[in-house]
Amino acid sequence: MSVRIHELAKAVNKDNKEVLDILRARGHEVKTVSSTIDNISAEAFIEEFKSADSSADNDSEAAAPEPAAPAAPEPPKVKLPAGAIVKSADDIARERQEREEEERKRQEAELEKRRAARGIQMPQGMAPAGKAPPAPAPGLRPPRPAPIPRPGTRKPPPGVETKTTPVPAAAPSPAPAPEPAPVQSPEPAAPQAGVRIQTQSGPPVPPRSGSAPVPPPRSTAPEIPKKTEAAADEVSAEAGDAEKKVILIKPPIVVRDFALEIGTKPFKLISELMDMGIFAGMNQTIEEDVAHRIAAAHGCTLEIRHRGEEQQSSKKKEEDKDEDDPALLEPRPPVVCVLGHVDHGKTTLLDSIRKANVVSGEAGGITQHIGAYQVEHEDHKITFIDTPGHAAFSKMRERGANVTDIAVLVVAADDGFMPQTDEALKFAQKANVPVVVAINKADAKGANLDRVKQQMQDRNIAPEDWGGETQCEAVSALKGEGIDDLLSAILIQSEILELKANPKCPAKGMVVESQIEQGRGPTATVIIQKGTLKVGNALVCGENYCKVRAMVDENGKPVKSAPPATPVRVLGWSGAPPAGVQFHTVKNEKIAKREVEENVQEARRLSQMSKTSEPADLPTDLDSLLAAIDKQQAKVLRLIVKADVAGSLEAANGVFNDIKSDKVNLEIIESGVGPITKNDVDLASSASAVVVGFNVRQENGVNAVAKHNNVQLILHNIIYELIDQVKEAMAELLDPEYSENKIGAAEVRQVFPLAKGFVAGCMITEGVVRRDAKARLLRKDEVIHEGKIGTLKRFKDDATEVRAGYECGIQLNGFNKYEEGDIIEAFEILETRPSL
Ligand SMILES: Nc1nc2c(ncn2[C@@H]2O[C@H](COP(=O)(O)OP(=O)(O)OP(=O)(O)O)[C@@H](O)[C@H]2O)c(=O)[nH]1
């Protein structure tokens, strides 16, 4: 949207030319009255001049109580302060032209003046603006002490001239009570900083009719002593922090709103921002540190309240008060996770408990994502979280331990404690989660229960039957033996823990897993920790929100509500929330969106802060400098990683980040949940990256686009394979290394002249000499010539190769000076791929 100049002039009741001139002076490229300016500038212009008009009207009404006779002007009814200058009509006319020029300069100089006002002395004869009001004049109200300037206090019009009498700076003592003054008494305005003051002798002359002053572009409030902004700054600096206006603001900080808060106009704020090299529109947001600087320049103190923090603390208090009230707590099922070493039988155990078998469906035999299920035993519910077993999933497993009340540590009776068993035990102990040991594969050949119990004792978790405190059950997950005892042991442990939660408060919980499902969009398996989650609830989970569209249980059945410790898959998310992040319920979707927006801003701010603190890593000595240069010169394999679920994605990113090489750096430029799309390929193409897919499919047509753009796709369902292929891709970036491989040697026995040049009659003394090989001629161990073999003949026939013990004729390209006894060595160049 744009506005034509003549429309603008009409709107502010001014000449077209005048408006044109003002706009040109302000840097707008306007040629004729039909030229246009943008809507925002036009609005600001209208606002500025309309308010100036109205205020000037008020001023003129107040200042001209009676029309003056043109020839013999009567002295004004209002007695002006001593020394005050009232301009003649001629002066006004002359200054009218000057005003436009001043107006142009004014805006540019405004900020500069404000800064300068703190350090630069005022022109002589000019009252230190902002420190002292004008001297009192008989009949006028006494001077008031300089008030603390309020942001937004308008400046006097540039054309208004007054003479001010310097008086000592107003003490910060309480202001004397103002005497009643006639309403029509216009108060002299302080001059604008930097505006030249003209002095005139002779009596004050009232304004003449017919030469009404042009309304100044800015209004002056008649009741308030005027101060320039420079003066305002000066005062605010003197006033100190105690008297600064404190502004409370919640991010995001939008230019328009912020301008109003600090008492300035949005367009002025925009120009200040531009001065700082920041280009932001009315409705755009600015960074917090920028807002702080601007607020300080306006004499305000900015307090930014991050809603999340505020709400968290206030919510925490409420929860402490209401949600954890013992009277409201009710018993809840235990949340159990199954941990252990690879192949010790975790999945089989979970299947056995659920009387289902999903082991056969797993790619590579590894559980690759967390599921959560609930089973019933002795009329009590138990919630199980399935955790994967490979080392790559350590993080997920750690998380699994953190969300749970009890950990079942699976130890194969025939294998005993293994590194990952110890790691899992460590996680559980770190999370303060009691452990129930399931000695699995009790049926297997070589099963040794006592050895496992001994290992338990060695790890300070002695089994109960050995006098310790750790419950321990021998089971055969495969045969379904000992499962009931294990479940009973879990329930006993649960009873000891006295697990309770308030089912009536707003739901709170943790995301166990999330993914993007076809037809369902982002979904997340969550475990409710407090309250009851209901369809229709609005949730906030880090940088994602959810209006619960539907919930399904572990059997895929829709449920309407989920009480504490229940696992449910929730539909209706804005995006897939990462596993391990907590969610809470808010009043409605609008609030959820707002909170999430703030969380996103906060996350950005934190990442910005971490980026700016990076210089600490700068090299400080020569060695580290050289290492840094080496690192810069190292090749980079960029990856775009996609995985089926958030947990797998994190695990995959984790293992990729663990691949260390001095020669090739690995950089994950993008990662996400869901199938590989054409966008991923496009991004990979522009970033020269490789797309890696873990347990995901690719959308139709992706292959063709990848081929066309020469983008490598690496897809696999098994993490080890993926790691190997990524390493291969890294190695391929390295420049090949070349090595020489001697394949044979011949001794020159006789030199034969030919029509053109000579041929060396040789005996092959070792290996083989091939026609396409490279050769070097040695004479008394000195290399005389190196090049390619030109001809290789057996008698008169060309030969491709001649083996040791045979005679042949050899001609080297570009060489003719063979001598008897010379040695011709044949070799080939081998190209090898360097290792990482
Ligand atoms: N003999 C015997 N074999 C078992 C038992 N439990 C599991 N197995 C076998 O052990 C192997 C591994 O079982 P999983 O349940 O896949 O082991 P896991 O710990 O879940 O393995 P990951 O998912 O790779 O971590 C399978 O071949 C099972 O049949 C058991 O009680 N007895």
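**Strands, helices and their labels**

Modeller: Strand β28 (residues 737–753) runs antiparallel to strand β35 (residues 823–832), and 10 bridges link the two. This is a predicted model, in which local features need pLDDT of at least 70 and side-chain atom pairs count only at pLDDT 80 or more, whereas totals for chains, interfaces and linings use all residues. Residues are numbered from 1 along each chain as its sequence is written.

Biologist: Why are β25 and β27 said to stand at the edges of their sheet?

Modeller: The open sheet has 4 strands in the order β25-β24-β26-β27, paired in parallel. β25 (664–673) and β27 (713–716) each have a single partner strand, so one side of each is left without a neighbour in the sheet. Direction ignored, neighbouring strands of this sheet are turned by 20 degrees against each other on average. Within the sheet, strand β24 (residues 635–643) runs parallel to β25, joined to β25 by 9 bridges, and Ile640 stands opposite Glu670 in β25.

Biologist: Which helices pack on this sheet, and which strands do they touch?

Modeller: Helix α18 (residues 678–687) packs there, touching β24, β25 and β26 (689–694), with a direction at about 145 degrees to that of β26. Helix α20 also packs on the sheet, touching β24, β25, β26 and β27, and its direction makes about 160 degrees with that of β27. Such angles run from 0 to 180 degrees between N-to-C directions, the axes being lines fitted to C-alpha atoms, for helices over the stretch in contact.

Biologist: Why are α17 and α20 called oblique to each other?

Modeller: Helix α17 (residues 646–658) packs against helix α20 (residues 719–732) at an angle of about 40 degrees, with the axes 11 Å apart. Angles under 35 degrees count as roughly parallel, over 145 as roughly antiparallel, 65 to 115 as roughly perpendicular and the rest as oblique, and α17 and α20 are therefore oblique. Ala652, Val655 and Phe656 of α17 meet Ile719, Leu722, Ile723 and Val726 of α20, where contact means that C-beta atoms, placed from the backbone, lie within 7 Å. This contact has 7 nonpolar, no polar and no charged residues, with Ala, Val, Leu, Ile, Met, Phe, Trp, Tyr, Cys and Pro counted as nonpolar, Asp, Glu, Lys and Arg as charged, and the others, Gly among them, as polar.

Biologist: How do you know that α6 and α7 are roughly perpendicular?

Modeller: The axes of helix α6 (residues 255–262) and helix α7 (residues 266–275) come within 8 Å and cross at roughly 105 degrees, and the two helices are therefore roughly perpendicular to each other. Val255, Arg256, Phe258 and Ala259 of α6 make the contact with Pro266, Leu269 and Ile270 of α7. By class, this contact has 6 nonpolar, no polar and 1 charged residues.

Biologist: Where do Glu378 and Asp379 lie, and what are their phi values?

Modeller: Glu378 is in the loop between β9 (371–377) and β10 (380–386), and Asp379 is found in the loop between β9 and β10 too. Phi is positive at about 45 degrees for Glu378, which is not a glycine, and near 65 degrees for Asp379, a positive value in a residue other than glycine. Asp379 has 6 other C-beta atoms within 10 Å and is therefore exposed.

Methods
Two residues are in contact if their C-beta atoms, placed from the backbone, lie within 7 Å. Two strands pair if DSSP finds at least two bridges between them. A residue is buried if 20 or more other C-beta atoms lie within 10 Å of its own, exposed if 12 or fewer, and partly exposed in between; C-beta atoms are placed from the backbone.
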